[in-house]
Amino acid sequence: MAEQTDYREPEPGRGEEFSPEAEPINSNGQNSLLEEEEEEEEEEEEEGEDLFTEATEEVSLDSPERDVLLSDGPSPVTPPASLISPHLPHNHLYTHSSFDEMEEEDTPDLLDISILVSDPEKVGEGMNAYMAYKVTTQTSMSLFKSPQATVRRRFSDFLGLHGKLATRYLHVGYLVPPAPEKSIVGMTKVKVGKDDSSSNEFVEKRRAALERYLMRTAKHPVLLKDPDLLTFLECSELPRALSTQALSGAGILRMVTKAADAVNKMTIKMTESDTWFEEKQQKFENLDIQLRKLHCSLDSLVCHRKELSVNTGLFAKSAAMLGNSEDHTALSRALSQLAEVEEKVEQLHQDQAGADFYLLAELLADYIRLIGSVKGVFDQRVRLWQRLQDSLLLLQKKRDAEAKLHANKPEKLQQARDDIRELEGKVQQGERDFEQISKTIRKELFRFEKERVTDFKEVIIKYLESLVQTQQQLIKYWEAFLPEAKAIS
Amino acid sequence: MMEEEEAEECPPLSPVSVVEGTEEEVTPPRALSVSPGTVRVTEAAQDGELLTFIIVSQKLSGTGEYHVDRTYEDFDWLQQHLFSLEDVPGIQGIIFPPLPARAQPNAPGKLVRQLGLLATGGTWTPYCRALEAYLQQVAGHSLLSRTQHLETFLTSPEPPGRQKVKRGLFNRLSQAVEGIRKDGHTEDVDDFFRTEREHNLSLTGLSRAAAERFLEVVQTEQKIAVACGHFAASLQLCVEAGDDPGQETFSKMCVKISEIMESMKKNVQKVAENDVTTLGLGLDLECRYQEAEKEMLFRRTCKLVELETASRNAERAKPLKKAAMDEIKKAAEKDFDQVSVVAKQEVARFQRARVAVLRQALVRWCELQILTATGSAEQWNQQLLAFRGPEPSS
């Protein structure tokens with residue numbers, strides 16, 4: 001794998017630095033689902049253009065990745081060669097059935113794993129610089145080579161991992177946790193060496209997001225067993241999957257969502273035989289709207305809290321000046337003490353704003369993004385249904401045609417019968433796929449709701465702890481100041 | 001008025017009540033039939049544009065109390081009459097208790113600009129407290145309390161005078177400074193006053209700045225309260241009647257967060273209230289009083305200029321006019337000396353009083369902060385323990 005040392009996060013119009021990866025491998029390892037895609041390619045090529053423009057917005061139009069993606073039809077994305085790590089056996093297929101096996105193997109191992117992302121370090125200079133993070137995994141699970149592993153990863157590595165997981169699992173209905181968003185503005189500030197609070201905040205926000213991302217992914221019983229995830233966590237050298245770094249988490253989801261939009265545009269109404277899905281979908285729509293509103297409110301709270309910190313600091317300064325000009329000794333001392341206390345309070349408010357943000361706001365943001373995944377899998381199910389319908393329609397047509405053919409042209413008849421047999425197989429597969437994705441989604445949503453409760457509970461506890469701690473600190477500060485105030489005579 | 005169930009009634013901020021017992025001046029028998037420290041502005045009733053204050057004070061004789069209703073016009077009437085008191089030698093040397101600015105009830109936007117810290121909190125309480133302090137300061141002032149106007153103001157069932165006060169005639173103070181350039185004279189003959197003037201100059205600016213910064217803190221606290229309220233309300237909408245247990249538990253989480261937000265809102269509202277009623281009022285009074293001292297010092301300076309002018313004229317006077325000029329000079333000298341005597345007393349009194357006021361403000365503020373924080377810490381700790389449940393044994 002060609003490792004380019006001056007790799008930087010791609011900007012529009014800069015596709016040149018990617019190594020020109022050719023066609024995807026389809027030697028002996030053929031994903032059964034992929035087969036069908038190539039056939040449908042012709043039908044859906046035009047659609048493909050629309051679908052991919054957004055997902056690959058950060059890749060130049062001339063980049064080979066786009067061709068790769070386009071040539072494989074809307075979904076799923078065929079992972080380019082670079083994705084399939086060399087040490088993976090080629091017959092490691094990601095079909096529905098193999099996932100089932102994985103789950104049944106659900107180890108009696110308790111989910112005992114903790115992942116920390118820490119020590120952000122700037123590597124390199126100028127626009128070629130990037131942030132490297134330390135990823136520490138501690139676990140007692142036999143899945144891992146050792147109970148502790150420490151590696152260094154950069155943001156694009158995380159995106160690469162997410163890209164692999166998304167393409168592998170999203171299309172069969174698994175809720176793949178979305179990766180943190182790219183931010184060209186934020187990253188540029190860091191690169192040019194701005195060592196101010198806003199770029200530090202940006203790095204910290206990203207670090208925390210990466211940590212939550214890995215933990216959420218590791219908590220997923222199926223994803224945890226993914227070899228790429230294990231490699232990510234354990235291998236000191238990570239092969240660079242340059243091309244998929246172009247796809248951000250949001251990009252992948254947008255792509256999946258766009259597919260759904262395309263379906264809607266064609267006004268296909270799925271005849272839902274299962275009201276459970278309809279209800280759930282509605283609930284998630286509502287939840288999405290509500291969470292977004294809440295997030296807005298919370299943003300406002302965080303903003304005001306930071307403002308309070310700033311204003312407290314300004315007041316502290318004016319109290320100090322008052323103290324300096326004051327003639328009366330005891331009053332002067334008390335005012336100076338007051339200024340010191342207020343400076344400490346300023347920091348407390350800043351910390352509380354941090355809790356507001358990192359606990360509450362990011363929780364909501366994570367869930368808003370997760371709901372994006374949920375919508376994605378719902379839409380994927382609709383698309384599978386659609387494909388099934390298309391196959392059924394085609395089968396019917398072929399059958400009708402065959403009936404008319406009959407005796408006249410024996411070769412054509414044979415061909416027709418062969419076609420029909422093939423189509424019947426396709427229909428069967430489609431029915432299986434649809435059933436499987438429905439089953440998977442049910443399981444995933446059940447797990448999602450359980451995890452949601454755990455997550456929210458954890459945040460509530462941490463938040464209450466932060467509130468209690470702030471008040472206790474305040475009490476300490478004011479109790480120390482009180483005698484000073486009383487000493488004024 | 002004071003809705004803090006946890007504190008005993010907070011004594012009003014007034015130099016009189018805190019300095020009681022340390023008054024050094026020998027005071028002639030007062031005309032005032034009211035005990036100065038007992039004057040209270042108990043409420044403000046708003047009727048359209050009209051704001052009426054109820055003022056209650058205890059009779060000196062201990063036989064009962066006076067209840068009167070007054071508007072801002074009445075306060076203004078009182079202040080203008082104080083400025084124009086006759087038979088008070090050296091009146092220019094008095095640091096007049098500063099009357100808070102007029103409030104325009106139906107213009108909430110303007111209110112903060114007019115009143116600053118006194119307008120925060122959404123009630124008239126801070127404003128009433130400031131007006132109350134003003135009355136106590138006047139009533140406690142040895143020279144000013146003797147005026148019949150104050151007696152009328154506090155005791156007469158009829159409002160003293162709702163006519164427009166003719167400022168031109170009554171305000172002898174403004175007459176005194178007519179024609180004198182604002183920053184005319186900087187040299188002072190007396191070291192005491194030289195330092196005091198310098199001091200006052202810096203403190204006036206700094207206390208105003210501190211009051212403004214403090215106001216901004218309070219306003220931000222109020223914004224936080226509003227944001228918490230919004231969040232709590234929005235969260236309630238997430239709560240649905242869920243059929244499945246997964247949904248139900250999640251709804252409970254949302255209700256919990258909403259409760260926490262509500263309690264945060266109450267906490268920060270209480271903090272803002274504490275801020276305003278203690279340090280806020282203290283800083284507001286301090287900066288208005290510094291302004292009042294500045295005005296007094298300026299008047300004295302003007303007297304000094306008058307004296308110096310008169311001296312020069314007397315020196316240069318032709319023999320014919322000399323006697324007359326000398327007389328004028330003598331009168332100016334006497335005037336200036338009287339003003340300086342009164343001024344010195346006033347400054348000493350002021351310095352003691354302001355330290356006492358600030359001390360009380362800081363102490364009270366600190367105590368309330370501790371009280372509020374303790375209450376909130378306890379409440380949240382209880383919630384935390386209840387929510388966390390028993391520690392898992394594994």
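Good morning. Read from the N terminus, the elements of chain B follow the order α-β-β-β-α-α-α-α-α-α-α-α-α. That gives chain B ten helices and three strands; helices (H or I, at least four residues) and strands (E, at least two) are DSSP runs, numbered from the N terminus. This is a predicted model, in which local features need pLDDT of at least 70 and side-chain atom pairs count only at pLDDT 80 or more, while totals for chains, interfaces and linings use all residues. Residues are numbered from 1 along each chain as its sequence is written, chains are lettered from A and ligands numbered from 1 in the order in which they are written, and side-chain values use heavy atoms, with hydrogens and water left out.

Let me stay with chain B for a moment. Of its 394 residues, 52% are buried; buried means under 20% relative accessible area, exposed over 50%, and partly exposed in between, with a 1.4 Å probe and protein chains only. If one takes the contacts in chain B between residues at least 6 apart in sequence, 75% of them join residues at least 24 apart. Contact here means heavy atoms within 4.5 Å.

I turn to the aromatic residues. Over all chains, the structure holds 22 aromatic pairs. Rings of Phe, Tyr and Trp (its six-membered ring) pair if their centres lie within 6.5 Å; planes under 30 degrees apart count as stacked, over 60 as edge-to-face and the rest as tilted. The pair F75(B) and Y134(B) is tilted, because the ring centres are 6.3 Å apart and the planes stand at 50°. This pair links distant parts of the chain, with F75(B) in helix α2 (residues 72-83) of chain B and Y134(B) in helix α4 (residues 125-139) of chain B, 59 residues apart. F75(B) is buried, as its relative accessible area is 0%, and Y134(B) is buried at 1%.

A stacked pair is formed by Y289(B) and F350(B), with 5.4 Å from centre to centre and 25° between the planes. It too links distant parts of the chain: Y289(B) belongs to helix α9 (residues 245-316) of chain B and F350(B) to helix α10 (residues 319-388) of chain B, 61 residues apart. Y289(B) is buried, with a relative accessible area of 9%, and F350(B) counts as buried at 6%.

Which residues do ring pairs link into a cluster? They are W276(A), F277(A), F284(A), Y367(A), F378(A), F448(A), F456(A) and F250(B). W276(A) also has the charged end of R442(A) over its ring, 4.6 Å from the centre. A charge sits over a ring if NZ of Lys or CZ of Arg is within 6 Å of the ring centre and within 35 degrees of the ring normal. R206(A), in turn, lies over the face of F155(A), 3.5 Å from the ring centre.

Helix α9 (residues 275-325) of chain A packs with α9(B) at an angle of about 25°, and their axes are 14 Å apart. Axes are lines fitted to C-alpha atoms, for helices over the stretch in contact, and angles run from 0 to 180 degrees between N-to-C directions. The two helices, α9(A) and α9(B), are therefore roughly parallel to each other; angles under 35 degrees count as roughly parallel, over 145 as roughly antiparallel, 65 to 115 as roughly perpendicular and the rest as oblique. In this contact, K283(A), L287(A), L298(A), L301(A), R305(A) and F315(A) of α9(A) take part, together with Q247(B), F250(B), M261(B), M264(B), L279(B) and L283(B) of α9(B).

Is H349(A) buried or exposed? At 18% relative accessibility, H349(A) counts as buried. Its C-alpha atom and that of R305(A) are separated by 6.5 Å, although the residues are 44 apart along the chain. Not counting residues up to four places away in sequence, H349(A) touches R305(A), L308(A), S309(A) and T312(A).

D119(A) has a positive phi of about 45° although it is not a glycine; D119(A) lies in strand β1 (residues 113-123) of chain A and counts as partly exposed, at 40% relative accessibility. D87(B), also not a glycine, has a positive phi near 55°. D87(B) is placed in the loop between α2 and α3 (108-115) of chain B and counts as exposed, at 76% relative accessibility.
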